[in-house]
Amino acid sequence: MKKIALLLLLLSLSITPAWAITAEEKGLKIAQKADELDTGWGDQKQSLVMILRNKQGQESRRQIHGRELEVIGDGDKSMSIFDTPADIKGTAFLSFTHVNKPDDQWLYLPALKRVKRIASKNKSGPFMGSEFAFEDMSSQEVGKYTYKWLRDEKLDGKDVYVIERVPVDKYSGYTRQIVWGDKVIYRPLKVEFYDRKNSLLKTLTLTGYKQYLDKYWRADRMQMVNHQNGKSTLLIFSDYSFKNGYTDRDFDRNSLKRAR
Amino acid sequence: MKKSLLVLIGSLLVMSSPAQSVSWRGNVTIQERLFLKDPTDPRQHGNNASIVAQPEMYYEWEGGKQNISFIPFVRLDQRDDERTHADIRELSWSYIARDYEWTLGISKVYWGVTEARHIVDIINQTDLVEDFNQEEKLGQPMARLVLIRDWGTVDLFVLPGFRERTFAGVKGRPRIIPRVEKNLTRYESSQQDKHVDLAARWSHTLGDMDIGLSLFHGTSREPLLSPARYNGEIVLAPFYQIIDQAGLDIQLTRGSWLWKLEAINLDGNYAKYRRATGGFEYTFYGVVGSADMGLVMEYLYDSRGELATTPFEDDIMVGLRMTLNDEQSSDALLGIIKDRFNDSYLISLEASRRIGDSWKLSMQASKFVVDKLDQSLKSFARDDFVQIELGYYF
């Protein structure tokens, strides 16, 4: 009798992990793993060319360079400085992202030398007239979404997990996002964005991942296609540099005024 | 002063040889103004063309710890000799350390949060011939020390040399009537425009609140104007008193709401007054496609009432801002400022749009509706105008 009980216990123990972990838990675990693998990079800077393409295929370009400071336990700090078009050269955008409260954002207008605190509720608004929303550009933190694992499959020959994530913030422009993530490097390869009416709005494709500091993966290209208005935006990143020794001082209102 | 300036420019040119650390930007803009009514003063005109250039050079070294900024400015005006003017907006050297910064030279500083008027902002003199909305400033010689602490940022200023406010000349339009004659400028201080002014400001961000407290002692940027005779003509003579000004500016950022307040107390031997501007800005996101619409309402107060040197002494400003968020950064602002007790008001519409990568087209239309009893806006009663600007940016 004892032996049978033990056997049953052993059986149940071996079976439990298989069905006790829900799709939600599995989704969260994947997100946590991805976050853990991308922790500890400290700070980074990079250059960015943004190519906006309208329905007719006409292009306009803007150049931006930016820097980020990793904040453990909260969202990161970032600064973006616009180099072209020339009329907005020197305009700079400072953002302190937060997981559980609205981000703090400031804009520097060089013509007036004015630093303006701006409302951050506008998460779904376009970043610089592009197909990227402010929330697409801000730091991705685990606590910003709830997760659900959908399936594993192959994408362009790579093993991927497919998870659905639902923004926690009620001001998000999305009802949900579907993420195809690389099972080896735990970085997204494709993201589908569904609008508030739950219809497919945009698809983001990330390519050209390179590894930095033998650990952190960054994509060289991000292409966002808007299915509803026919426009697209391509981001081409270059000159990634890590461990620049940045501190909070490089992300304050004074540094915004001389950002170049 | 002139000699040291030349030395500084010379050394700038020498240092600018390693091309990668020098950055340039700037613009050249042509402007045409069309007035819709005959002028009040027959010496004024019905239209006016002008051109302005403002190149900007910035050089930094030691990994950005030190920099030099040089921004000359020049405008050529078809008719107004006073509006044809040149200025050095900036020519300064800055040193940036971990918890302090200093700036020596001519520079520009902005204080404040409101949209309708900028009353706390006192360091730089208004370049009124540029824009009667008082948005443009002259360069100010200064020694500035910024201390960065956990409890906020402290700015300390020593300001040697005063800049007179610029006023439209005989042929200038729009302008106050009678005109201001700068040859009659007088000062309370025996040092005249050599008085060394002092200023300090503490500013801090506390959660969703940005706050600033400021003190200023020195020559008032705003002159008191009194009628005088000049070569047989009735004109206004500017008088700059010595003042102590205390200022407060606060912005609260909550969701789509921005709550703003600026207030000053100005104390001088010849005039004492209080001014305030306060209100809110609310943004409706994505009203049409990705376009945002902002609603701005501010109340403008001046304790001098109808005696104020500004026409905005007890007025309400309502503004409607459309930002299309498109590739051309198109935007438009419709603003109305109305007196609470008489029927005077000012309506203005401003719009701008980028063309290609390097050009920008801007338009501004202003209409003055002046109550018979309103003395302060009377000068501008016939000055409704439309202005078009085309700028080349590099």
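Leaving aside neighbours within four places in sequence, Phe312(B) is in contact with Arg117(B), Leu300(B) and Ile337(B), two residues being in contact if their C-beta atoms, placed from the backbone, lie within 7 Å. Phe312(B) lies in the loop between β16 (291–302) and β17 (314–323) of chain B; helices (H or I, at least four residues) and strands (E, at least two) are DSSP runs, numbered from the N terminus. With 22 other C-beta atoms within 10 Å, Phe312(B) is buried. A residue is termed buried if 20 or more other C-beta atoms lie within 10 Å of its own, exposed if 12 or fewer, and partly exposed in between, with C-beta atoms placed from the backbone. Between Phe312(B) and Tyr345(B), the C-alpha to C-alpha distance is 9.8 Å, at a separation of 33 residues in sequence.

The model is predicted: local features need pLDDT of at least 70 and side-chain atom pairs count only at pLDDT 80 or more, while totals for chains, interfaces and linings use all residues. Residues are numbered from 1 along each chain as its sequence is written, and chains are lettered from A and ligands numbered from 1 in the order in which they are written.

In chain B, an open sheet of three strands has the order β8-β12-β11, with mixed pairing. Two strands are taken to pair if DSSP finds at least two bridges between them. The antiparallel strands β11(B) and β12(B) (residues 233–240) are joined by seven bridges, and Pro227(B) has Leu236(B) in β12(B) as its bridge partner.

Chain A contains four helices and 15 strands. Its C-alpha atoms fill a box of roughly 85 × 45 × 35 Å along the principal axes. Of the 260 residues in chain A, 30% are buried. Among contacts in chain A between residues at least 6 apart in sequence, 41% join residues at least 24 apart.

Helix α2 of chain A (residues 23–37) has 15 residues, which at 1.5 Å a residue should span 21 Å; the end C-alpha atoms are 21 Å apart, in agreement. The expected span is 1.5 Å times one less than the number of residues. Gly27(A), Ile30(A), Ala31(A) and Ala34(A) are the buried residues in α2(A). They cover an arc of only 95 degrees around the axis, which puts them on the same side of α2(A); the arc is that of the directions from the helix axis to the C-beta atoms. These buried residues pack against β7 (145–155), β8 (158–167) and β9 (176–182) of chain A. On the face turned away from the buried side, α2(A) carries the exposed residues Gln32(A) and Glu36(A).

Strand β14 of chain A (residues 221–226) runs antiparallel to β11(A) (residues 200–207), with six bridges between them; Leu206(A) is paired with Met222(A) in β14(A). β14(A) also pairs in the antiparallel sense with β15(A) (residues 232–242), over five bridges, and Met224(A) has Thr233(A) in β15(A) as bridge partner. The hairpin of β14(A) and β15(A) has five residues between the strands, and there Gly230(A) takes a positive phi near 75 degrees.

The contact between the chains takes 23 residues from chain A and 34 residues from chain B. On the side of chain A that touches chain B, six residues are nonpolar, eight polar and nine charged. Ala, Val, Leu, Ile, Met, Phe, Trp, Tyr, Cys and Pro count as nonpolar, Asp, Glu, Lys and Arg as charged, and the others, Gly among them, as polar.
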